[in-house]
Amino acid sequence: MAKLTSRAENYSQWYNELVGKADLAENSDVRGCMIIKPHGYSIWEKMQSALDKMFKDTGHSNAYFPLFIPKSYLSKEADHVEGFAKECAVVTHYRLKAAEDGSGLIVDPDAKLEEELIVRPTSETIIWNSYKNWIQSYRDLPILLNQWANVVRWEMRTRLFLRTAEFLWQEGHTAHATKGEAVKEAEQMLEVYAAFAEEFMAVPVLKGLKTASERFAGALETYCIEALMQDGRALQAGTSHFLGQNFAKAFDVKFATKEGKQEYVWATSWGVSTRLMGALIMSHSDDLGLVIPPKLAPIHVVIVPIYKGEEQLSQISEYALKLKGELQQKGLTVKFDDRDTYKPGFKFAEYEMKGVPVRVAIGPKDLANGTIEVARRDTLEKSTISNTKATDHIYGLMNIIQKNIYNKALKFREDSSHKVDDYDEFKRIIANEGGFVYAHWDGSAETEELIKQETKATIRCIPLDQEKEEGKCIRSGKPSKGRVVFAKAY
RNA sequence: CGGGAUGUAGCUCAGUCCGGUAGAGUGCUCGUCUGGGGGGCGAGAGGUCGCAGGUUCAAGUCCUGUCAUCCCGACCA
């Protein structure tokens, strides 16, 4: 396996190569679609199970709605159509037949669908069409559902995990009796996402509100978490939407209040996708390959034996399997790689590429000395320790690594965040250094668009913890009451 | 949908200008020596040169058409 292109040399090539060499995913022959390979999927499963637990803990249940949505549903909510119509895959026929000239299969023109179906780009419409039937009274509320699904958005330019035509995600869809409750739900799920990103992915995130132009199609308010990648570009890692009564009105979902009045239901939706894989990869990994935080690592520890001949291998195996068993008792996933078909050096490089947090090497010297060699993936430090301390030491390393990775990412973000009040300075930083730029903005879509045209930077969010501060808009000079966060984004 | 480029071994690509037996690196298979950081040596398998026409004694190479992919722009979790 050849070395990776370094991040400094070509960041985007580094990313592409890493996704391939770490065995996470590959491109499909179907344009824009990806094949998620076992190692990549294992990480996704870890993410799913942690998130799923958090959703359940906050009172949500899983359900499943269809892949296909009648075309007419989409058009019921005006902004929603506007946002998604341009990227929908459409099913028009339900049968193929052999071509008469023998050239293969063709779409059977006699099998045209009465109403065309779209492949879901998101499920608000089909879900609210059901909620209409499920909700009559305030007693039916709230409805707190989530679904794990695939969706399709026909993107022109795609990149593995970051933007693919088909992707996996979860979408929460909730229905509430009051506006306050719905807003609270949207905010709560944003907190869940932020906690997940920071505690499991070890990715620090900014919590904020999207500006009107960046808002989800059909939402009144979009909350988001934004992460900063190592190349200084921002990545939207999750969104939570307060949908107001837009979908309730579009699908005529009313409920009887305690007082017997008919009112429209309040809604939220929220989602994170396999894009999180991109965030994970680009937050921590280095020129040797992937770095995965222990809480999401499919394998925590790999043990590599170093030996000559069968006899030595069997002695080392005994030693290694004992350690493996002890670590498993502690709840760690351990792989003992006794393949004889690859040499130790190759294995070291391979597990570094795949991001296994801790590697243990055991050779004849260790047997003689009662030691093992422990290597950390995050710092690349190697240390030789007594085998009597091995289990506790390695177990303890998991927390240390988890924290270290987070702190490193946090420090990077802090070092890459700038307060800027001068537009030339703003342009210079956006163009050369990247990172998050905190600057004043007059609140108008026109100015936002101008800045985007002139610098390629967009407003990533209006931070939830925004400080009140009188200032002048960096572009228009008009008054502003607080700073918003600009960056070039993925 | 506009601008640019590329289709040759599993992968990355040379060969095309100037037509003459299909190449390299890597990966793969077998043998052997090796084994504490991506091994050495030897042998071997693997290709309708994107597709369809044409020119020619002869086409990966020249001509025409066609399909596909990638990159840069407009759109986006």
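**Close-up views of a predicted protein–RNA model**

**View 1. Helices H2 and H8 are roughly perpendicular to each other, because they pack at an angle of about 110°**. Angles of 65 to 115 degrees count as roughly perpendicular, under 35 as roughly parallel, over 145 as roughly antiparallel and the rest as oblique. The axes of H2 and H8 (residues 275-284) lie 10 Å apart. Gly40, Ile43, Trp44, Met47 and Leu51 of H2 make the contact with Leu276, Met277 and Leu280 of H8, where contact means heavy atoms within 4.5 Å. Seven of these residues are nonpolar, one is polar and none is charged. Here Ala, Val, Leu, Ile, Met, Phe, Trp, Tyr, Cys and Pro count as nonpolar, Asp, Glu, Lys and Arg as charged, and the others, Gly among them, as polar. Axes are lines fitted to C-alpha atoms, for helices over the stretch in contact, with angles running from 0 to 180 degrees between N-to-C directions. Helices (H or I, at least four residues) and strands (E, at least two) are DSSP runs numbered from the N terminus.

A word on conventions before the next views. This is a predicted model, in which local features need pLDDT of at least 70 and side-chain atom pairs count only at pLDDT 80 or more, while totals for chains, interfaces and linings use all residues. Residues are numbered from 1 along each chain as its sequence is written, chains are lettered from A and ligands numbered from 1 in the order in which they are written, and side-chain values use heavy atoms, leaving out hydrogens and water.

**View 2. Helix H2 (residues 38-57) also packs against helix H6 (residues 179-199)**. The angle is about 145°, and the axes are 11 Å apart. H2 passes H6 in a right-handed crossing; a crossing is right-handed if the near helix is turned clockwise from the far one by less than a right angle, and left-handed if anticlockwise. On the H2 side look for Met47, Ala50, Leu51, Met54 and Phe55, which meet Met189, Val192, Tyr193, Ala195 and Phe196 in H6. The residues of this contact are 10 nonpolar, with no polar and no charged ones.

**View 3. Helix H9 (residues 309-329) meets helix H12 (residues 390-415) at an angle of about 50°**. H9 and H12 are therefore oblique to each other. Their axes are 10 Å apart, and the crossing is right-handed. Leu323, Glu326 and Leu327 in H9 touch Ala390, Thr391 and Ile394 in H12. By class, the contact has four nonpolar residues, one polar and one charged.

**View 4. Tyr319 sits in helix H9**. Not counting residues up to four places away in sequence, Tyr319 touches Ile362, Asp366, Leu367, Gly370, Thr371, Ile372 and Asn387. With Asn387, the Tyr319 side chain makes a side-chain polar contact of 2.7 Å. A polar contact is a pair of N or O atoms within 3.5 Å; within protein, one must be able to donate a hydrogen and the other to accept it, and residues adjacent in sequence count only if both atoms are side-chain atoms.

**View 5. RNA strand B is surrounded by 34 residues**. The closest are Arg157, Arg163, Gln236, Glu352 and Asp366; a residue is near the strand if one of its heavy atoms lies within 4 Å of it. This surface divides into 12 nonpolar, five polar and 17 charged residues. Helix H10 (344-354), strand E19 (358-362) and helix H11 (364-369) each supply at least two residues, and H10 gives the largest share, seven. Of the RNA atoms within 4 Å of the protein, 33% belong to sugar or phosphate and the rest to bases. An N or O atom in the Arg157 side chain is 2.6 Å from a phosphate oxygen of RNA strand B.

**View 6. Two loops hold backbone features at Pro142 and Phe161**. Most residues other than glycine have a negative phi, and most peptide bonds are trans. The Leu141 to Pro142 bond is cis, with omega near -5°, and Pro142 is in the loop between helix H5 (124-134) and strand E9 (143-152). Phe161, not a glycine, has a positive phi of about 70° and lies in the loop between E9 and strand E10 (166-176).
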